[in-house]
Amino acid sequence: MNLQKARTRDVIPLREATRAWFAISLQTFGGPAGQIAVMQHKLVDEKRWIGQKRFLHALNYCMLLPGPEAQQLAIDVGWLLNGTLGGLIAGVLFVLPGVIALLALSALYVGAGSTTLVTGLFAGLAPAVIAIVIQAVHRVGKRALHHPILVAVAIGSFLALTVFKVPFPIVIVVAGLLGWLLGLRIPTLAHSKAHAGAADGPEPLISDHALHHDAPSTSRSLKILILGLVLWFAPVVLAAIVFSRDSVFVDQGLFFSGAAVVTFGGAYAVLSYVAQQAVQVYGWLGPGDMVRGLALAETTPGPLIMVVQFVAFVGAYHHPGSLNPWVAGVVGALLTTWVTFVPCFVLVFLGAPYVERLRGNRSLSAALTGVTAAVVGVIGSLATYFAVHTLFATVKPAVVGPLRLDVPALSSVRPVAAVIAVAALAMVFWRRWSMLRTLAVCAGLGVVAALLGLPL
């Protein structure tokens, strides 16, 4: 009886847990690795609310899901500590500071982006992004490409996206199928060095059996699924009713809803797809805007996928329909943020009771291994895209049979951008500076170049 009561009530007072999640939300810089490290320090090492093994178990589950794994980990741990309300609070607080900060920066970009100071700022940030994305290729590649076949998958995905312009979702699906098929022949293929050798960590104050849990049931799953889908798409339906189906808000709601469910392997993986569609298909913004938006997202707390909020703000601002452009920008940004992060809550709450059954599933692990290998190539394609459109003023598409390439005019190279990009690479790989420090120095170099009147 006492054990049942312990399972149904909060294992940590909700107010105390909320304060902890708020403190974590202000430290979520540096991408998923840094965000997970912050939660590890706060929840496992300092508070000792959850054990190391249980924390890693939750992380492994979240890595199987599409979407930002660090935010999903916050939702899952919040659910374990305080049930559904705890998961909601943890997940919302995890992204809230970044949403507010990026909304303000997006407005600054649109309103003052043509001034000398802001122009120089972004002229310095954009080349720095190239170095940061290349660093992401290096980090993910070291962890994921532990077999020659996986190297081949990464190269194949890079060529498919960069040279043949194969749609991103197709690349991910094919990579998952290849991983599953190859896993049948090579059982060790799904072996990952991620988290290998992790210590047990300090003894938690709360035992695993006292953490919140729900028994798996069809009725519970259906309730969460139906409610989740209604909440997910209600704003999109409302936008269609109020503004018509052809409005930018409906296009953004549907597009970013789809992007949310194919975001395997981190934000960098899906950003290549987002950039291609937002720039070339929908015309919401230009290639340079996309690079600068990523730079802004790198400087704010929260998941990097929040860059889609910037894309939506700029796109809606330029295609406001009957609304004031500023109002349209805010509506587009908030709608996109909603359809991007609501699926995270639905997936975590839906799958949490079944997580034990997923653990150690070899077929699923093999498929995920193939996807992760492909992600290395996808991020490489993103780095190429950013480099071409940042370092050269003129880029023209070239079609030769099945090949579709973005070819830069070598005479249009931007010297300032090239110098800052080389400096950023040195900071990241030679000096091993942090992302924020690198961005700050490169932004300063861009401002100096603008004040000196150098061509940007």
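Which residue lies over the face of Trp430? Select Trp430 and you'll find Arg431 there, 5.1 Å from the ring centre. A charge sits over a ring if NZ of Lys or CZ of Arg is within 6 Å of the ring centre and within 35 degrees of the ring normal.

Before moving on: this is a predicted model, where local features need pLDDT of at least 70, side-chain atom pairs count only at pLDDT 80 or more, and totals for chains, interfaces and linings use all residues. Residues are numbered from 1 along each chain as its sequence is written, and side-chain values use heavy atoms, leaving out hydrogens and water.

Next, pick Trp433: Arg437 lies over the face of that ring, 3.9 Å from its centre.

Now for rings meeting rings. Rings of Phe, Tyr and Trp (its six-membered ring) pair if their centres lie within 6.5 Å; planes under 30 degrees apart count as stacked, over 60 as edge-to-face and the rest as tilted. That rule gives 14 aromatic pairs.

Select Trp232 and Phe233, a stacked pair with 4.7 Å centre to centre and 20° between the planes. Trp232 is buried, at 10% relative accessible area, while Phe233 is partly exposed at 28% (buried is under 20%, exposed over 50%, partly exposed in between, with a 1.4 Å probe and protein chains only).

Then jump to Phe243 and Phe249, a tilted pair: 4.8 Å centre to centre, 50° between the planes. Phe243 is partly exposed at 27%, whereas Phe249 is buried at 2%.

Last stop: select Phe255, Phe256, Tyr273, Tyr282 and Trp284 together, a cluster linked by ring pairs.
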